[in-house]
Amino acid sequence: MALLTSDSKDAKQVEAERIASDAAEVLTEERVAAQKSGKRRAQSYWAVSWNIFKKNKLGMFCLFVVILLVLIAVFAPLLAPYDPYAQELSNRYQAPGGAHLFGTDEFGRDLLSRMIYGCRVSLSVGVVSQAIALVIGFLAGVSAGYFGGWVDSVISFIIQVFSSFPFLLFAIVVMFVLGPGLINLYVALGLLMWTGTARLVRGDVMRLKGSEYIQSCILSGGSSWRVIMKHLLPNCVSTLIVTSTLGIPNAILSEASLSFLGLGVQPPMASWGQMISAARQVIQSNTYYSVIPGVAIIITVMVFNLLGDALRDALDPKMRS
Amino acid sequence: MAKDKELGEVILKAEHLTKHYPIKKGFFGKAENYVHALEDVSFEVRRGETFAIVGESGCGKSTTGKCVLRLAEPTSGTVTLDGQDFTALSGAELTEARKKMTLIFQDPYSSLNPRMTVADIIAEPLDIAKTYKTREERDARVEEIMSKVGLDLAYKYRYPHEFSGGQRQRIGIARAIVLEPEIVICDEPVSALDVSVQAKVINLLEQLQRDLGLAYIFISHDLSVVKHISDRIMVMYLGHMMELATADELFANPSHPYTEALLGVVPRITRERIQDKKILTGDVPSPANPPAGCCFHTRCANCMKVCSQRAPKEFEIAPGHVCACHLFDETLTEEERTPPPEV
C-alpha cells in the first residue's frame with residue numbers, strides 16, 4: 001500500500017512537472033512571437049484602422065477638404081472679407097473679380113462672404129441633424145435588435161412607416177408644421193433621417209446578440225445597459241461612423257432643397273441652397289450666381305461621400321487582409 | 001490520469017430536464033411543432049469531479065449545458081445547486097447563484113469581445129459582481145488569474161485578435177474562473193483547437209481542477225479526450241440519456257448498443273479496421289419528429305419488437321452504471337424480444 005501511494009505521488013509529481021514545462025514552453029513560444037513582432041505595443045483597433053485609412057490617398061484628401069470646410073465654418077467672421085448682410089444697392093449683380101472675388105448678389109452683398117457664412121449653415125445642418133439621427137437611430141436599433149419580440153415589431157413598423165414616405169415630401173410637411181428656421185431644420189432632418197441608422201444597428205445587434213461574449217456577460221449577471229454600452233456600442237461604432245458620414249451629405253442636400261423651396265433657412269441668413277433659390281431668376285444673365293453655391297454643394301457632398309467610403313473600408317474588419 | 005479521487009458531496013443535481021423549442025409557423029407565430037432537444041434527463045455532479053456528456057452533434061449535449069445554466073429556460077425539470085432550487089431563482093438571487101457556475105465556450109474566436117483588452121475581458125465578472133474596492137485590487141486579481149492560466153502578464157492590454165486559438169481559450173478559462181466558481185461547464189472547450197494545443201488546454205483544466213477543487217461538466221463529442229479527463233460519463237442520443245457510468249466502467253463494459261457503436265468508431269492505431277466493427281448507418285432522426293418507442297431503434301443493431309412500441313426504462317446494471325435499453329429488461333415476453341419485421 002505504501003509503495004502504491006508513493007508511486008501515485010511520483011506520478012502526480014511527474015504530471016505536475018510536465019504541466020509546468022508545458023506552461024513554460026507556451027510562455028517562451030509567446031515571448032518569441034512577441035520578439036518577432038518587435039517592440040510592438042498593443043495595437044488598438046483604432047490604430048490599425050488609422051494605418052489603413054492613411055494609405056487611402058483619396059480618403060486623406062477628402063479628410064483634408066472636410067477639415068478645411070470645418071475651419072472655414074468656424075472662422076467665418078475672420079475669413080469673410082465683407083459683412084455678408086451689408087447691402088450695397090449700387091453694386092448689384094457684379095461679375096466675379098475685382099473687389100468682390102465671387103461677385104455680388106441682388107442686394108449688392110458680397111458673394112464670397114455669403115458663401116463662407118453659408119458653409120456654417122450647411123455643415124452645422126449636416127452635423128447636428130446627423131447627431132440627432134444617430135442618437136435616435138442607435139437607441140431604436142439597439143432596442144429593436146436586443147430586446148426583440150414586440151419591441152422589435154413596433155420599432156420596425158415605425159421604421160417602415162418613415163421610409164415609405166417620399167423623404168422630401170415628408171420633410172416639407174414637418175418643416176411646414178414646425179415652421180422655417182435653422183433649429184427647426186436640425187430637428188426635422190434629425191427626426192427624419194434616423195431610420196437608416198436604426199435599421200443597420202438593428203441588424204448588427206441581432207448578429208452580435210448571439211455572440212458568446214454577450215452570453216458570458218449575461219451569465220455573470222451583467223445588466224442590459226452594460227451589454228449595450230460595453231459590448232454592443234463599441235462593436236457598432238464603425239457602422240455608426242460610416243452611416244453618419246454618408247448621412248451628412250444627404251442632410252446638406254436636404255437643407256439646400258428645403259431652403260430652395262423657402263422652408264429652410266430664412267433670409268437674410270446665408271445658405272447655399274437659399275442662394276441658388278435667389279439666383280434662379282437671373283440664371284441666364286448671371287450664371288455665376290447659381291454656379292458658385294452649386295459647385296460648393298457638389299464638392300461638399302462628394303467629399304463627405306468619399307470620406308464615408310474610405311472610412312468604411314478602413315473600419316470594416318472584412319476589408320482587412 | 002488517476003481516477004482515485006474521493007467522491008465529494010453532490011453539488012449539482014439535474015432532475016427530469018426537458019427542453020422543447022417551438023418551431024414557429026403561421027402569421028401569429030403559433031407553435032405548430034416542437035423540437036425535442038432534451039427529454040427527461042437527470043444526473044448529479046459531485047464536488048471536484050469531471051462529469052462528461054458525450055454524443056453526436058444535435059443530441060442535446062449543449063442544450064443540457066444551457067438548461068443547467070438557464071441560458072435557455074428548461075421547459076420542465078429542476079436544477080438544484082448546493083441544495084438551492086436554481087430553476088426557481090430570479091433577479092439578484094439568480095445572479096448571486098450564477099457566480100458558482102460558469103461556462104467555457106467552444107469557439108475561442110466569438111467568445112471574446114474584439115473591442116476589449118484581455119484585462120477587461122478577464123475582469124468583467126469582477127466588474128459586474130463588484131468584488132473589489134480599488135483599481136489595484138482588480139489589477140492584482142487579474143494578474144493572479146493570468147499567471148494561473150499561463151498567460152504572460154505583458155499581454156494584459158492586448159486585444160483578442162492578437163492571440164492564437166489556444167491563448168484565446170486560456171483567456172476564456174481565466175474569465176470563467178476569476179470568481180472562483182464551484183462548477184465550470186466546458187462546452188466543447190478544445191474541439192476548435194489543434195491537437196497539440198488541445199493537450200495543453202486539457203492539462204491546464206486538470207491542473208485548475210486540482211488547485212481550485214472545481215467540478216467540470218465536460219461536453220464533448222471527442223471520446224478520446226473524454227476518456228482522458230472524465231470521472232463519469234453520460235452518453236446522450238436525440239435528447240435522451242442512453243447510458244451513464246464511470247469512465248473506466250463505460251469504456252470497459254459499454255452496455256448500450258449506441259455506446260458500443262460510438263466506442264467502435266474511436267480512431268485507434270491498430271491494424272484492426274474500423275469497417276470490421278459495427279458502424280452506425282443512416283442519419284440521426286429529426287428531433288422535431290422523434291421516432292416512437294426507443295429513440296435509437298431506427299439505427300440499433302439489436303432492435304427488438306418492443307423497441308418501437310415503448311421507451312425503455314433506466315436499468316441499473318452495475319452500481320452507478322445506468323443504461324436505458326430494453327435488452328436489460330428481464331420482464332419482456334418472448335414475443336416482444338423477437339426482431340421487428342423487415343420493412
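**Reading the two chains**

Author: Let's start with burial: of the 321 residues of chain A, 37% count as buried (20 or more other C-beta atoms within 10 Å of the residue's own; exposed is 12 or fewer, partly exposed is in between, and C-beta atoms are placed from the backbone). Keep in mind that this is a predicted model, where local features need pLDDT of at least 70, side-chain atom pairs count only at pLDDT 80 or more, and totals for chains, interfaces and linings use all residues. Residues are numbered from 1 along each chain as its sequence is written, and chains are lettered from A and ligands numbered from 1 in the order in which they are written.

Reader: How many helices and strands are there in chain A?

Author: Helices (H or I, at least four residues) and strands (E, at least two) are DSSP runs, numbered from the N terminus. Chain A has 13 helices and 0 strands. As for contacts (C-beta atoms, placed from the backbone, within 7 Å), take those in chain A with a separation of 6 or more: 69% of them join residues 24 or more positions apart.

Reader: Which strands pair with β4(B), and in what sense?

Author: Pairing takes at least two DSSP bridges between two strands. In chain B, β1 (residues 10-24) and β4 (residues 76-81) are antiparallel over 5 bridges, with A14(B) opposite V79(B). β4(B) also pairs with β5 (residues 84-85) of chain B, again antiparallel, over 2 bridges; there T80(B) has D85(B) as its partner. The hairpin of β4(B) and β5(B) has 2 residues between the strands, and D82(B) takes a positive phi near 55 degrees in it.

Reader: What should I make of a positive phi?

Author: Most residues other than glycine have a negative phi. H16(B), in strand β1 of chain B, has a positive one near 50 degrees.

Reader: And is H16(B) buried or exposed?

Author: H16(B) counts as exposed because it has 12 C-beta neighbours inside 10 Å. E188(B) also has a positive phi, about 50 degrees, and sits in the loop between β7 (183-187) and α6 (195-212) of chain B. With 20 such neighbours inside 10 Å, E188(B) counts as buried.

Reader: Where do the domains of chain B lie?

Author: The bounds come from an automatic or database domain assignment: domain 1 is 10-100 + 181-337 and domain 2 is 114-178. Their centres, taken over C-alpha atoms, are 31 Å apart. In chain B, 12 residues of domain 1 are in contact with 10 residues of domain 2. On the domain 1 side, α6(B) gives the largest share, 6 residues.

How values were computed. Two residues are in contact if their C-beta atoms, placed from the backbone, lie within 7 Å.
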